[in-house]
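Biologist: I am new to this structure and would like to learn how to read it. Please take me through it one feature at a time.

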Amino acid sequence: MSASSASSKPSVAIIGGGIAGLSCAAELQRLGKYNPTVFDTGRIRPGGRCSSRFTKDEPKDKGRNRDSILSRYTIDHAAQIITLPRNGFEDFKKQVKIWSGEGGNEQSDIILKKYPRGSVVEIVSGDFDRNKKKGDEKQQKKEKSTPTIRSVNSQYMYYSPKGIGSIPLAIANENNLKIEQDVWISPSNGVKYIGSKDSNYPQWSVQTNGKRFGNFDMVIVAHNGKCADRLMSRTPAKDLHSLLQVNFSPYVPQWGGKKMTLNSIYSLTVAIKSQDGQNLSDVVGKDVMVGFVKNEPDLRLVTNQGKKIQDNSLDHDVEIWTIFSSAKFAKKYKGPQENLPNERVEEVTKLMLEGLERSLGLQEGRIHQGLILDSKLQLWGAAVPLNVWNPSGDLNESNSGFLFDGQHGVGTCGDWLLDPSIPGAYESGRRLARYMSSSWDKEDIGLPSLGGEFRQSRAASGAGIGNVR
Ligand SMILES: Cc1cc2nc3c(=O)[nH]c(=O)nc-3n(C[C@H](O)[C@H](O)[C@H](O)COP(=O)(O)OP(=O)(O)OC[C@H]3O[C@@H](n4cnc5c(N)ncnc54)[C@H](O)[C@@H]3O)c2cc1C
């Protein structure tokens, strides 16, 4: 049975329930021409790289204690900051106003707040100088000096006091989206192009191990990385597939490179006990929620989850911090993302805590094992796109930020098509939905055969999540 026969509207299978897939589904639904279903691997809820581990979420590794210290807190383990883009993205900005209850919008459920002044900082100086020659790095790592902590203009930066994972939940719930959760559409046989058979549209069958979800009139690939590459590799959508081929590296050349390039980032969360009445916030600043690390090559960001998330009422003696590695560090110590061996977890945890000591000018061994009450290390193997696809021509909201292959009825949306951020992903999904809903005859758009190139993304050139290189 075709999934579309349950409704007179053509059906769309959206593979990926991150911000891009959800915003695409929400906009398709709002515009009323299609009947979207989102398929997402998330075990408990959608969100992808914009997600939180909420209090008492059942741990993935069954061996892990459900009542471990970290399981008592909500933790943002990837995205931390929503930065409003200066130009454009007007719908996203409107949505942020609604979610934050700003500008007279009545919103009973506030899920976003502006970072208060002084709560976002840069951790700079010490003596580390990134521009020094490579050979000097080792020597510099040994040097220890008190850093300067300086406030960053956070006027356009938002956080979620309930955890950033409340954003995808809000999109899903406010729009009553149909989501098949904890479903992995296998890259080897999850989608099959079956062509136009009993409808006017091209048709795709969608299945996962042991379960068929039926036929859909269109497919949207709303994820990237190896999975998306393989998912499309055996379909006739060759042009679109060629852009999904991916490269993993901490760098792209300044001109952008030839392939989509993703970096990797380690995210380490620790519950840390005070020593002699002092904890990390005594060094970084009591009001600080996020710090961009600028004086240590292995790290890029630290965030005080207890300060940021309202329900995390802490024992006054304990603080919860999440620390992001640099991409270069993650590449060097990479392991199997889903199953990091214990030795690798211990090694990386130790090295990242040493990096934190150096960055904060703390004595070596100051953050010793005895102070770490609990920790969780996660590798984001396909973390942030370092380049984005730019089709050729005069670009505007209606013709860029997404791809569509009209002949085969397949499109893609995601952060790598516009900007490697939550606003970028949101906008990409929304633009694709608008394009699909604008008229029934869909021309190809954005595909490489029509011209275009990859350009270095903001993440690569220094902004993004704070110089993610
Ligand atoms: C460590 C880190 C920190 C970041 N910090 C920030 C920040 O502070 N601010 C900011 O704006 N951005 C930040 N980003 C980037 C931001 O999180 C992303 O740009 C955005 O969330 C991407 O959304 P997306 O929908 O394009 O992709 P994703 O979030 O990756 O969504 C894709 C979804 O598809 C699912 N999926 C994949 N394959 C399949 C399959 N075969 N079947 C079914 N489902 C599948 C995945 O599970 C996922 O849920 C950060 C990213 C990382 C990794």
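**Reading the model**

Modeller: Leaving aside neighbours within four places in sequence, Ile 167 is in contact with Ile 19, Cys 50, Ile 82, Trp 99, Ile 111 and Leu 112; contact means heavy atoms within 4.5 Å. This is a predicted model, in which local features need pLDDT of at least 70 and side-chain atom pairs count only at pLDDT 80 or more, while totals for chains, interfaces and linings use all residues. Residues are numbered from 1 along each chain as its sequence is written, and side-chain values use heavy atoms, with hydrogens and water left out.

Biologist: Which residues touch the most other members of the largest nonpolar core?

Modeller: In soluble globular proteins, nonpolar side chains tend to be buried together. A nonpolar core is a set of buried Ala, Val, Leu, Ile, Met, Phe, Trp, Tyr and Cys residues joined through side-chain atoms within 4.5 Å. Buried means under 20% relative accessible area, exposed over 50%, and partly exposed in between, with a 1.4 Å probe and protein chains only. Here the largest core has 41 residues, and Ile 14, Ile 167 and Met 436 touch the most other members. Elements that each supply at least two residues of this core include strand 1 (11-15), helix 4 (166-174) and helix 11 (422-438). Over the protein chain, 55% of the 469 residues count as buried.

Biologist: How many helices and strands does the protein chain have?

Modeller: Helices (H or I, at least four residues) and strands (E, at least two) are DSSP runs, numbered from the N terminus. The protein chain has 11 helices and 25 strands.

Biologist: What is the strand order in the open sheet of 6 strands?

Modeller: Strands of a sheet pair through backbone hydrogen bonds, either parallel or antiparallel. Two strands are taken to pair if DSSP finds at least two bridges between them. The order here is 10-2-1-14-24-23, with mixed pairing. Strand 10 (179-181) and strand 23 (403-405) are the edge strands, each pairing on one side only. Strand 23 and strand 24 (residues 410-412) pair in the antiparallel sense over 3 bridges, with Asp 405 opposite Val 410. Helix 11 packs on this sheet, touching strand 1, strand 14, strand 23 and strand 24, and its direction makes about 35 degrees with that of strand 23. Axes are lines fitted to C-alpha atoms, for helices over the stretch in contact, and angles run from 0 to 180 degrees between N-to-C directions.

Biologist: Which strands stand at the edges of the open sheet of 7 strands?

Modeller: The order is 8-7-18-19-20-17-21, again with mixed pairing. Strand 8 (147-151) and strand 21 (372-380) each have a single partner strand, so one side of each is left without a neighbour in the sheet. Strand 17 is mostly covered, with 8 of its 9 residues buried. Strand 17 runs antiparallel to strand 21, joined by 8 bridges, and Leu 268 has Leu 377 as its bridge partner in strand 21. With strand 20, strand 17 pairs in the antiparallel sense over 7 bridges; Thr 269 stands opposite Thr 322 there.

Biologist: Which residues are closest to the ligand?

Modeller: A residue is near a molecule if one of its heavy atoms lies within 4 Å of it. The ligand is surrounded by 34 residues, the closest being Asp 40, Thr 41, Arg 49, Ile 81 and Asp 415. An oxygen atom of the ligand is 2.8 Å from an N or O atom in the side chain of Arg 49. For the side chain of Asp 415, the corresponding distance to a ligand oxygen atom is 2.7 Å.

Notes: Polar contact = N/O pair within 3.5 Å; in protein donor to acceptor, adjacent residues only side chain to side chain.
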